[in-house]
Amino acid sequence: MVHSSLPYQILLYLNSWYFAFFVSCELLIFVYKGETLPFGSGVLAAEIILIFLMVGIESFRIFFGKKGNLMEQITGMVISILLSVPALFGAVFLLLWQTYVLRIEIILSGVQLALICVELIFGIISIITFARASHY
């Protein structure tokens, strides 16, 4: 019997495309900010490095989530859920704590946060489903 979650898989697929759009927009926004706004020494570079760290974390999170869900492996799902924590902090940083926050970034980061939170919920539900199924 198949226990993998189709809604979770769809969310991961959509988030992979949305995150590519999100990163592209953020990089263009950082180009705009770098040209028009005053930044302290190294601050803009640190915020851009954060974006690239988020790309790595989000790529691994989505990969392990997809793999764990399709193969019904709790280990991959747990890794994906653990990687959701730094992904959430990265999105919150871009939403609240970066030097300059534009309105478009509030919208982009809010959507990213919502996707991560919904995926987190579906991931936990999938882990519970896989754990129950493995006992029989």
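## Two helices and some side notes

Tyr-8, Phe-22, Glu-26 and Phe-30 in H1 meet Met-77, Ser-80 and Leu-94 in H3, where contact means heavy atoms within 4.5 Å. By class, that H1–H3 contact has five nonpolar residues, one polar and one charged. This is a predicted model, where local features need pLDDT of at least 70, side-chain atom pairs count only at pLDDT 80 or more, and totals for chains, interfaces and linings use all residues. Residues are numbered from 1 along each chain as its sequence is written, and side-chain values use heavy atoms, with hydrogens and water left out.

H1 spans residues 6-36 and H3 residues 74-97, and they pack at an angle of about 30° with their axes 14 Å apart. That makes them roughly parallel (angles under 35 degrees count as such).

On to His-3, which sits in the segment before H1. Setting aside neighbours within four places in sequence, His-3 is in contact with Glu-72, Thr-129, Phe-130 and Ala-133.

| Residue | Relative accessibility | Class |
|---|---|---|
| His-3 | 26% | partly exposed |
| Cys-25 | 19% | buried |
| Cys-117 | 36% | partly exposed |

As for disulfides (a pair of cysteine sulfur atoms within 2.5 Å), the structure holds zero.

Note on methods
Buried < 20%, exposed > 50% of the residue type's maximum accessible area, 1.4 Å probe, protein only. Axes fitted to C-alpha atoms, helices over the stretch in contact; angles between N-to-C directions. Helix = DSSP H or I, 4+ residues; strand = E, 2+ residues; numbered from the N terminus. Parallel < 35°, antiparallel > 145°, perpendicular 65-115°, else oblique. Nonpolar A, V, L, I, M, F, W, Y, C, P; charged D, E, K, R; others polar.
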